[in-house]
Amino acid sequence: EDMTLEAELRRLKSQQAEEGDKERDRDDDQELKRQGKGGKMGGKFGKVGKFGKGDFDEDPGERAAKVFEDRRAQTRQDFELQMKILREAEVICTTTIAAGMDFLA
């Protein structure tokens, strides 16, 4: 098993994604039951567009700003998760004096 910061980050992110997927599925099921829709075949029709959203009228500048903000939020979340991993570590090994300098400073 790989014990690098990157490997641990990937593991925790996939674990969080699985938990988030389960929570979203549960919320979707509850909403469908509330609306009286659903069943064995899904019943998630009535939405606009192939993927359920009609965002084709959105301005390209607004879309680019949203992508930028999403990427920025993801970078911040990754940094916080990496710092959590490092705080919980009992031993931190580096191969050179500059390795991990931006995190360990």
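The model is predicted. Its confidence comes first. Across the chain, pLDDT averages 76. A score of at least 70 is reached by 72% of the residues. Where pLDDT is low, predicted coordinates should not be read in detail.

The fold is described next. The chain contains three helices and zero strands. Along the sequence, the pattern reads α-α-α. Helix 1 covers residues 5-35, helix 2 covers 60-88 and helix 3 covers 101-104. Contacts were also sorted by separation in sequence. Among those between residues at least 6 apart, 50% join residues at least 24 apart.

Burial and surface were computed for the chain. There are 105 residues, and 12% of them count as buried. The accessible surface is about 9,600 Å². Carbon and sulfur atoms account for 53% of that area.

Empty space was then examined. Rolling a probe the size of a water molecule over the atoms shows where such space is left. The largest pocket holds about 560 Å³ of space. Its lining is made up of 20 residues, and the closest to the pocket centre are Met3, Thr4, Leu5, Ile85 and Leu86. Helix 1, helix 2 and helix 3 each give two or more residues to this lining. Helix 1 gives the most, with five residues. Sorted by class, the lining has twelve nonpolar residues, five charged residues and three polar residues.

Gln82 lies in helix 2. Its relative accessibility is 12%, so Gln82 counts as buried, the cut-off being under 20%. Which residues does Gln82 contact, leaving aside its neighbours within four places in sequence? The partners are Leu5, Leu9 and Phe103. Leu5 is also among the residues closest to the centre of the largest pocket.

Asp78 is the second case, and its place is likewise in helix 2. Asp78 has a relative accessibility of 17% and therefore counts as buried. Once neighbours within four places in sequence are left aside, Asp78 is in contact with Leu9 and Lys13. The C-alpha atoms of Asp78 and Arg10 are separated by 9.6 Å. Along the chain, Asp78 and Arg10 are 68 residues apart.

Key. Residues numbered from 1 in each chain as written. Predicted model: local features only at pLDDT ≥ 70, side-chain atom pairs only at ≥ 80, totals over all residues. Heavy atoms only, no water. Helix = DSSP H or I, 4+ residues; strand = E, 2+ residues; numbered from the N terminus. Buried < 20%, exposed > 50% of the residue type's maximum accessible area, 1.4 Å probe, protein only. Contact = heavy atoms within 4.5 Å. Areas by Shrake-Rupley, 256 points an atom, 1.4 Å probe, with all protein chains shown as cover. 1 Å grid on protein atoms, 1.4 Å probe; cavity = no way out; pocket = protein on both sides within 12 Å on 5 of 7 lines; lining within 4 Å. Points joined across faces, edges and corners; volume = space filled by probe spheres on them. Nonpolar A, V, L, I, M, F, W, Y, C, P; charged D, E, K, R; others polar. pLDDT = per-residue confidence, 0-100.
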